[in-house]
Amino acid sequence: AVIAGRKGQVASIADDQQRVRENMKALKGSAEEKALLERYVRELNDQEDHVQSLRREIADLQQKRDAAQSALNLTIEALQMEVTL
C-alpha cells in the first residue's frame with residue numbers, strides 16, 4: 001500500500017510537470033515569459049528532486065518487502081520440516 005502510494009505521487013508529479021511544460025510553451029514571446037519560466041524551472045527542479053527521493057524510497061521499500069518475504073518463506077519451510085518430523 002505504501003509503495004502504491006509513492007508510485008501514485010510520482011504519477012501525479014508527472015501529470016503536473018506536463019501541465020507546466022504546456023504552460024511554458026504557451027508563454028513563448030510574452031513579456032511575462034522570463035519570470036514565469038524561471039519559476040517553472042525551479043518548480044520542475046524541485047519536483048525532479050522529489051521524484052528521485054520517491055523512487056529511492058520505493059526501491060528501499062521493495063527491498064525490505066522482498067527481505068521480509070524471504071524470511072517468511074524460510075520460517076514456513078522450517079515449520080513444515082518440524083511438522084513432517
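What radius of gyration does the chain have, and what would a compact globule of 85 residues have? The chain has 23 Å, whereas a compact globule of that length would have a value near 12 Å. The radius is taken over C-alpha atoms, and the globule rule is 2.2 Å times the number of residues to the power 0.38. The model is predicted: local features need pLDDT of at least 70, side-chain atom pairs count only at pLDDT 80 or more, and totals for chains, interfaces and linings use all residues. Residues are numbered from 1 along each chain as its sequence is written, and side-chain values use heavy atoms, with hydrogens and water left out.

The C-alpha trace spans about 80 × 15 × 10 Å along its principal axes. Two helices and zero strands are present. Helices (H or I, at least four residues) and strands (E, at least two) are DSSP runs, numbered from the N terminus. Helix 1 covers residues 2–26. Helix 2 covers residues 33–84.

Buried residues make up 18% of the 85 residues. Buried means under 20% relative accessible area, exposed over 50%, and partly exposed in between, with a 1.4 Å probe and protein chains only. The chain exposes about 6500 Å², and carbon and sulfur atoms supply 54% of this area. Areas come from the Shrake-Rupley method with a 1.4 Å probe; for residues, only the protein chains shown count as cover.

Gln 17 lies in helix 1. Its relative accessible area is 6%, so Gln 17 is buried. Beyond its neighbours within four places in sequence, Gln 17 is in contact with Leu 44, Gln 47 and Glu 48. With Glu 48 there is a side-chain to side-chain polar contact at 2.8 Å. A polar contact is a pair of N or O atoms within 3.5 Å; within protein, one must be able to donate a hydrogen and the other to accept it, and residues adjacent in sequence count only if both atoms are side-chain atoms.

Gln 47 is placed in helix 2. Gln 47 is buried because its relative accessible area is 13%. Leaving out residues up to four places away in sequence, Gln 47 touches Ile 13, Asp 16 and Gln 17.

Glu 57 also belongs to helix 2. At 29% relative accessibility, Glu 57 is partly exposed. Its side chain makes a polar contact with that of Arg 6 at 2.9 Å. Glu 57 and Ile 3 are 54 residues apart along the chain, yet their C-alpha atoms are separated by 8.4 Å.

Note on methods: Contact = heavy atoms within 4.5 Å.
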